[in-house]
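Colleague: Could you walk me through this one, step by step? I'm new to reading structures.

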Amino acid sequence: MNFPWLLIVLLTPLIGTVLLFVPKRFVPFSDQQIALYSSLITLLFVIVIALQFDISSSATTQFDIAFDWIPVFGITFHLGLTGISLVLVGLTAVLTPIVLLATEYEVQKKNKEFLMWILVTQASALAVFLARDLFLFYVVFEAMLIPIFFLVGRFGGPKKGAAALKFILFGLAGGLVMLAALIWLYFVAVNQLGRGTFSITALSNELKLDAWTERWLFLGFFFAFALKAPMIPGHTWLPDTAEQATPGTSTMLIGILDKVGTYGMLAILLPIFPNASIEFAPVIIGFAALGIIYGALIAIAQKNIKRTFAYISISHFGFIVMGIFSFTSIGMIGSVIYMVAHGLSTAGLFLTVGYLIRQKENSLISNFGGVTKAAPVMTGLFLIACLSSIALPGMAGFVAEFMVLTGTFQKYKIPAIIATLAIILAAIYMLWLYQRVFTGTETKESSNIIDLNRKQILALSPLVALTLLFGFYPAPIIKISESTIAYTMTLVGATDPQPMIKKAVNQ
Amino acid sequence: MIQTVLNTIPTPSFEYALLSPILVMFLAACLGVLVEAFLPNEKRRFAHLIIVFTAILFAFFAVVLQSGPNGRALVANGTVALDGPGWILQGTILLVAALSALLFAESKIDPLGDAFAARASTLPGGEEEKIATKLGWAQTEIWPLFSFAISGMLLFVTANDLLVLFVALEVMSLPLYLLAGLARRRRLLSQEAALKYFILGALASAILLFGSALTYAYTGSLEFGQISNGISSANNSPGLLTAAIALVAVGMLFKVGAVPFHQWVPDVYTGSPTPVTSFMAGAVKVAAFGGLLRVFYVAFGALVWDWRPLIWVVAGLTMVVGSVIALAQSDFKRMLAYSSVSNGGFILVGFSATSRPAIAAVLIYLIAYAFATVGAFALLTLIREQAGESSTLIRWKGLGKKSPVVAGLMSLFMLSFAGIPLTSGFTAKFGVFTAAISGGATALVLVGVIASAIAAVFYIRVIILMFFSEPIPEGPFVVVPSIFTTIAITASAVVTIILGLFPQVVIDLISSASVFLR
């Protein structure tokens with residue numbers, strides 16, 4: 001068995017959670033420190049793993065570690081790392097300490113509880129990205145509703161209870177449908193392979209589903225992922241949740257956990273249900289394009305800053321889904337970069353505006369104006385997140401969006417063209433928001449805003465650094481995810497279209 | 001002449017050792033009656049506690065020691081079947097009953113005494129009641145009644161003969177009718193509950209008895225194995241048989257509280273003293289489903305194709321109706337009553353698959369549900385107001401602030417009911433859904449999935465009330481219980497978590513024991 005790196009990564013935040021409740025006599029750190037250190041140690045382990053990750057390896061997964069869990073059903077506790085999961089694990093490991101550093105103010109009263117739920121969220125996100133057993137994946141997929149449910153419900157705005165309920169019900173509804181599909185899939189495996197297994201690798205390599213079974217199962221899983229991602233028309237929980245949740249919660253939820261939806265499409269739907277994926281791709285691309293435009297348009301019309309961000313995310317998730325179902329390497333890799341870029345820009349948007357909103361306890365756009373005068377640093381950081389979000393060249397968001405659109409255009413011209421329109425809309429929703437809140441005449445509300453202090457700037461600076469890094473040099477993400485994407489493509493049986501212009505050398 | 005007749009009647013064989021769990025509980029009940037007759041008032045409680053807990057302990061060890069492969073046999077002339085499921089059910093009933101007994105014994109919570117009326121014969125709200133309460137009297141008859149009920153349950157789940165089944169049903173139900181009416185607080189509601197339970201229960205018993213008679217008329221036997229043979233060999237007059245099965249089914253489905261025979265559940269659960277409610281929702285549920293399993297799998301197993309559609313309909317209705325009506329409840333006890341109905345529906349989903357995994361799935365569901373429900377009711381007894389338990393949900397606002405431990409544990413049980421992974425409720429639902437899909441009831445599983453989603457709303461609403469709202473002024477307070485209730489709650493929580501995280505242990509135990517003897 002390999003050295004259990006993945007188990008260690010998974011356990012670190014959980015150990016941090018336990019340490020929070022050890023009496024202070026035995027632990028010489030404050031709660032804040034425990035949480036921060038454990039998330040930094042997690043990050044350290046992830047970096048160690050990333051350095052050992054073999055990008056040229058042809059193996060599906062690396063660092064595998066597996067225990068029997070419920071042998072009767074062939075269920076194992078199997079963790080393994082693919083290129084895509086490494087990218088998302090990395091994103092989780094980077095964002096969590098940033099959230100912990102940047103949201104100290106969220107935790108004044110119920111410090112311990114907030115930190116606990118953030119760490120549990122992190123652990124469940126890591127587990128879901130590392131799970132190589134479909135049952136384990138499902139269990140974590142459902143269980144991770146709980147920490148966010150409490151984060152929203154305990155620390156949110158005035159309508160937090162209703163928002164938390166809506167959030168968890170959407171999550172459960174998706175999860176339960178997935179459960180039915182999961183059990184069905186199990187029996188298909190039992191009948192065909194002669195043994196019950198939930199191993200994602202085994203299911204994707206060995207199973208031959210008949211057309212209708214595959215379609216139904218695909219829809220069962222897709223339903224859950226599309227609600228999570230979220231795609232229209234199952235998106236309505238996101239704005240409500242984001243509006244009520246604190247910025248830290250929103251970052252964990254939209255920046256990390258919602259990626260489980262798109263990750264699931266890429267890592268589970270495509271490999272296990274390749275034929276159905278190809279069949280449904282045009283419809284899904286259509287919905288994605290619709291979501292891109294719809295999200296952007298609604299974002300323009302919002303009065304509340306947090307709701308605007310939620311709709312922007314809905315638009316961006318449309319791009320990610322579109323790239324995945326374009327079945328071109330460039331589009332799919334673009335989606336992976338998009339997930340990272342979106343995580344970074346979401347964190348930037350929510351966390352910077354979080355400082356603003358906290359000071360006024362109000363997130364209406366009309367309340368603010370000319371903030372830049374009182375808080376120039378905040379404005380600057382917001383602008384960078386903003387520009388990455390609208391895919392300005394030089395930012396991570398640009399690379400991602402460009403690749404997704406290029407990939408999609410190769411196979412689906414019209415949806416790609418429609419999606420391109422969103423770039424214009426993006427400029428409207430984002431820059432107009434920026435204009436109204438940060439520039440112009442200073443309103444009474446905005447005059448006494450305090451700018452970020454050094455610690456807060458420190459907390460947010462990694463976001464800026466990474467956004468720019470991946471904007472100019474996205475190669476690390478591409479290299480890491482390349483082989484996994486290529487492998488997924490072969491499983492699906494898709495090939496990249498040939499270039500239309502022959503190379504000059506050959507002529 | 002007499003000699004020849006006597007020779008034709010076989011000498012009843014009676015395997016005392018194998019039957020000892022039932023006998024021990026029965027003996028404990030009789031001893032309890034003697035205690036009532038001969039011991040002075042103030043010494044009774046202590047004597048009863050000793051007797052009941054010792055008996056449960058003995059019975060449980062008897063179950064554990066004898067439940068191995070050697071202990072599986074048809075005993076008492078084939079009228080009692082001690083097989084894998086039988087032993088598992090007996091063990092479960094004893095454990096759950098032990099937890100309920102701990103709640104029965106609790107007297108620290110209510111300043112006036114335990115959960116039972118000081119004198120059941122006094123007029124509710126009258127002068128005598130006040131005097132009896134003031135003198136600190138206690139209705140210690142609950143203990144022999146309790147023991148009788150347990151011995152009835154132990155027999156009920158192993159009965160292999162319709163007549164024994166009926167007798168066991170009565171031994172188990174009659175004490176319950178009485179116990180339901182003995183609440184210390186809100187006595188009128190409690191007495192009304194007892195009366196309703198009695199009238200409807202008696203009707204159901206009569207229907208079951210009628211069904212048994214018709215079964216006898218058709219097959220010429222009351223023993224399950226021979227009923228099964230009789231059904232297979234006979235080929236005439238299926239109308240009689242259909243009527244017989246339908247009547248037996250109604251009688252049994254009444255006991256499990258399946259829709260449309262669930263009407264008694266909410267009133268009885270709400271009115272009964274909470275320890276008794278926990279006993280009904282926990283142990284009685286296990287016993288009722290145990291009996292149902294055996295009757296339909298063993299006696300009517302040959303006709304599975306005829307009764308299965310009926311069960312499908314009942315299961316679907318039970319899940320949906322139970323969950324939907326529970327949505328509208330404002331009283332916690334009533335909500336849990338409908339939740340109990342709806343959970344019964346999920347068990348029926350597994351039950352309808354009629355396979356070996358189905359038996360295991362039903363047993364696991366019963367264990368998971370019984371412990372979680374006892375835990376939830378036990379926690380309810382701690383949440384109080386001046387007038388008694390505070391079961392109006394809206395008043396629980398902000399309970400998480402006053403007592404994070406009680407509210408946290410309550411959340412655990414609610415999440416388990418909602419079937420969230422890593423709790424026992426998920427293991428249970430996974431089991432029954434798996435069994436049902438393998439039995440070809442995919443559509444029913446989809447109904448179950450929808451019902452689960454509906455049910456999640458009211459479970460999670462409890463958490464939201466407790467944790468996400470500000471406390472109301474003069475809201476309920478949380479009492480610190482004695483060791484009795486503490487043990488009951490801890491045990492329930494531990495089982496709920498263990499069954500969620502490491503279900504393999506229990507699954508192994510049960511899967512190896514899920515074959516009925518016939």
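## Two chains, one talk

Colleague: Of the 507 residues of chain A, what percentage count as buried?
Modeller: Keep in mind that this is a predicted model. A residue goes in the buried group when its relative accessible area is under 20%. For chain A, with its 507 residues, that share comes to 64%.

Colleague: How many helices does chain A have?
Modeller: Chain A has both kinds of element, helices and strands.

Colleague: Why can we call chain A as compact as a globular protein of its length?
Modeller: We compare its radius of gyration with what the globule rule gives for 507 residues. The rule gives 23 Å, and chain A is close to that, so it is as compact as a globular protein of that length. The value for chain A itself is 22 Å.

Colleague: And what radius of gyration does chain B have?
Modeller: Chain B has 21 helices and five strands. With 518 residues, a compact globule would come out near 24 Å. Chain B agrees with that, at 22 Å.

Colleague: In chain A, which share of the contacts between residues at least 6 apart in sequence joins residues at least 24 apart?
Modeller: A contact here is a pair with heavy atoms within 4.5 Å. Take the contacts in chain A whose residues are at least 6 apart in sequence, then pick out those joining residues at least 24 apart. Their share is 81%.

Colleague: How far apart do the centres of the positive and negative side chains lie in chain B?
Modeller: Chain B carries 28 positive and 23 negative side chains.

Colleague: Now the interface! How many residues of chain B are in contact with chain A?
Modeller: You can count from either side. On the chain A side, 31 residues take part. On the chain B side, the number is 27.

Colleague: What area do chain A and chain B bury between them?
Modeller: The size of an interface is often given as the accessible area lost when the parts come together. Here, 87% of that area is on carbon and sulfur atoms. The total for chain A and chain B is about 2,800 Å².

Colleague: Which residues in chain A lose the most area to chain B?
Modeller: Three residues stand out on that side, and together they make up 18% of what it buries. They are A:W69, A:L176 and A:I183.

Terms used. Residues are numbered from 1 along each chain as its sequence is written. Chains are lettered from A and ligands numbered from 1 in the order in which they are written. This is a predicted model: local features need pLDDT of at least 70, side-chain atom pairs count only at pLDDT 80 or more; totals for chains, interfaces and linings use all residues. Side-chain values use heavy atoms; hydrogens and water are left out. Helices (H or I, at least four residues) and strands (E, at least two) are DSSP runs, numbered from the N terminus. The radius of gyration is taken over C-alpha atoms; the globule rule is 2.2 Å times the number of residues to the power 0.38. Buried means under 20% relative accessible area, exposed over 50%, partly exposed in between (1.4 Å probe, protein chains only). Buried area is the accessible area (1.4 Å probe) that two parts lose on being put together, summed over both. Lys and Arg count as positive and Asp and Glu as negative; His and the chain ends are not counted. The place of a charge is taken as NZ of Lys, CZ of Arg, CG of Asp or CD of Glu.
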